[in-house]
Amino acid sequence: ILFIVHIKELNEDWKFLKPLYPSKLVVAVGIFSFLFIPFYITIENLQHRKTLNDALEYIYSPDYSKEYDINNYYLFQTIEVLESHKSSRNRGLFGDKLPYLTSYFNWVVLDNLTISKEKLNKINEVFRGEKPYNTSNRMGRGDRVKITNIASKSTFDESQQVWKSWIDLELTNQTGRGFAEYITTLYLPTGTSISDYYLYVGDRKEMGILAEKKSALWVYNNIRNENRDPGLLYYLTGNKVAFKVFPFAKDEVRRTGIEFIHKEPISITIDDETLFLGDEREINYSYEDEQIIYVPKAIKSDLKEVYREPYLQLLVDATDKKKIDNYIHEIEKITKQHPNLLKNAKISFVNSYVNTHPFDENWKQQYKEQSFEGGFYLERAIRKSLVEPYNHQTNTYPIIVVIKDKLDEAILDRNFVDLSFAYPESDVFYHLNRNSTLDAHQLDKKPSRISKTNTSISSKASSLAIQSKENKTYYLPNNNEASIILKTDWVETKDIQAKSWKTALELQAQWRSHILNPHKANDDWTNMIKSSFQSRIMTPLTSFLVVENETQKAILKQKQEQVLSSNKNYDLDDDSVQMSEPSWWVLVVLLSGFGFWRRKV
């Protein structure tokens, strides 16, 4: 209605101005005037896009060697717009959003994708220092769907000198009701990959589709809401894999299976069932080329045990200027207690950013010069402290000590199990608490939880040393598990073969390259996904999905194309919000009133 009135007014202006000025001038000024606001909005949106991408890169795909400076003004504006788009509240009769500008914003800033609430909360925590939200990523416990039969079959592939093993499961709904879901997790030994999957849909054996992970999760959740027939496999963290099947009718029995490819004999545990796959062969389990070394568990007992030199890596809270004197006192105290750890020691001042310096006589002045703003982004500080020493492979390793009154104020949402290869000596870091005592925390479980109170620093931890063909020394965890060593900063897949163990090993190593160099992964993630498709090997970027019909497959393909053409840090529309155009009854009343007015006139 406003548009019709506006056009009428503009038409009258045109009639008034046309006799007074040349037509070309009126047209030119009109076009400029019409385009000014859209041009201004576009420039603003492009700035929002750049700032948002910078913030997402800093949090989810950082360059640990780069100094970041995010424009907080534009970032907070962008976050407010995104949060308003997700709001389901309707303020007033006509709502609180402008749908056309919202669509344009989504197109220019987000490529018609979105940013999940979890990521918005994380940005707010890091850059605003807001109290962390409860954004637990727990997968859910599932219903009482149980394994009622399980079997395995292993076949030795002579051409590759590797094992291919199937685990076949019979699942039964014991809930006493319909629409139950089976959910579990399983751990893959290092060097083991998933190379196929199937689920019976009725009497039809449907093989899994290997798809981009975000697209597969989106499709699974949408099909699940319609009570259809999806099955799903995808990586959580590290070598932990989620496995879901839905739905189960009352007392229904369903059959499904997973194929694994592995070099040496392994055991896989699903729920309470443990299966041993493959058997010992007179073959060389080791593997080495110009990019990777695979060290099987069979030869670890023959490796030399070594003790590298530890050093203190202090991570100090730099969000509250009032606590400087107290933290300086604590730092002086702990460094006096451990003079043997001061050689090569480093200190990092942690707020939204992480500023790291050698621990020398200037550290107090450097501390006082910090910005003291934002949140205590401990997660990034720990990652940076682990990645940098691993990339250099020196004869030293860090002992991480966090200096902050209360660790529950830290941004520490996820564990570091995906980086477990980078801390072979110990999975422990320490927190010097407000009582001036040390608490131990574990990197690979729930790092925010205390594993041991009132403890002391242990600096006698060993690792295993191995030399490459080039006589370079690498350090491995001293355990009974296989290990993968990266001989280069960036691993690429070469000569991709379907269901090839060598390709699977390269994909695992390539994923570690992504973890160590997240900034490079921005340009390489689509290549890794394509390599996964070509080899039919599931990776942390892909997922095996079984769907019921061709329509669902077409939807999956469409979503996947949308994701692969956009920034990898964007999300699909996981938060469905109704548009804020006026409600239908408002439009009926307005149109009826307009019709009545026309008849009167």
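Predicted model: local features only at pLDDT ≥ 70, side-chain atom pairs only at ≥ 80, totals over all residues.

Biologist: Which element gives the most residues to the largest nonpolar core?

Modeller: The largest nonpolar core has 45 residues, and Leu 315, Leu 378, Ile 382, Val 402, Leu 419 and Phe 429 have the most contacts inside it. Elements that each supply at least two residues of this core include β13 (292-295), α9 (378-392), β18 (396-403) and α11 (518-535). With seven residues, the element that gives the most to this core is α10.

Biologist: Leaving aside neighbours within four places in sequence, which residues is Val 402 in contact with?

Modeller: Val 402 is among the residues with the most contacts inside the largest core. Leaving aside its neighbours within four places in sequence, its partners are Leu 315, Phe 376, Leu 378, Leu 407, Phe 429, Tyr 430, His 431 and Leu 432.

Biologist: Is Glu 57 buried or exposed?

Modeller: Glu 57 forms a salt bridge with Lys 66, with the closest N and O atoms 3.5 Å apart. Lys 66 has a relative accessible area of 40% and is partly exposed. The relative accessibility of Glu 57 is 19%, and buried means under 20%, so Glu 57 counts as buried.

Biologist: How many residues apart are Lys 122 and Asp 413?

Modeller: The side chains of these two residues meet in a salt bridge at 3.7 Å, N to O. Lys 122 counts as buried at 5% relative accessibility, whereas Asp 413 counts as partly exposed at 37%. Lys 122 lies in helix α5 (residues 117-128) and Asp 413 in the loop between β18 and β19 (428-432), so that the pair links distant parts of the chain, and their separation is 291 residues.

Biologist: Which residues are linked with Glu 259 in a network of salt bridges?

Modeller: The side chains of Glu 259 and Lys 499 meet in a salt bridge at 3.0 Å, N to O. Glu 259 is in strand β9 (residues 253-262) and Lys 499 in the loop between β24 and α10, 240 residues apart. Both residues of this pair are buried. The network links Glu 259 with Asp 196, Lys 499 and Arg 536.

Biologist: How many salt bridges does a search of the whole structure find?

Modeller: The pairs discussed include Lys 66 with Glu 57 and Lys 122 with Asp 413. For the whole structure, the number found is 27.

Key: Residues numbered from 1 in each chain as written. Heavy atoms only, no water. Core = buried A, V, L, I, M, F, W, Y, C linked by side-chain atoms within 4.5 Å. Buried < 20%, exposed > 50% of the residue type's maximum accessible area, 1.4 Å probe, protein only. Helix = DSSP H or I, 4+ residues; strand = E, 2+ residues; numbered from the N terminus. Contact = heavy atoms within 4.5 Å. Salt bridge = Lys/Arg side-chain N within 4 Å of Asp/Glu carboxyl O.
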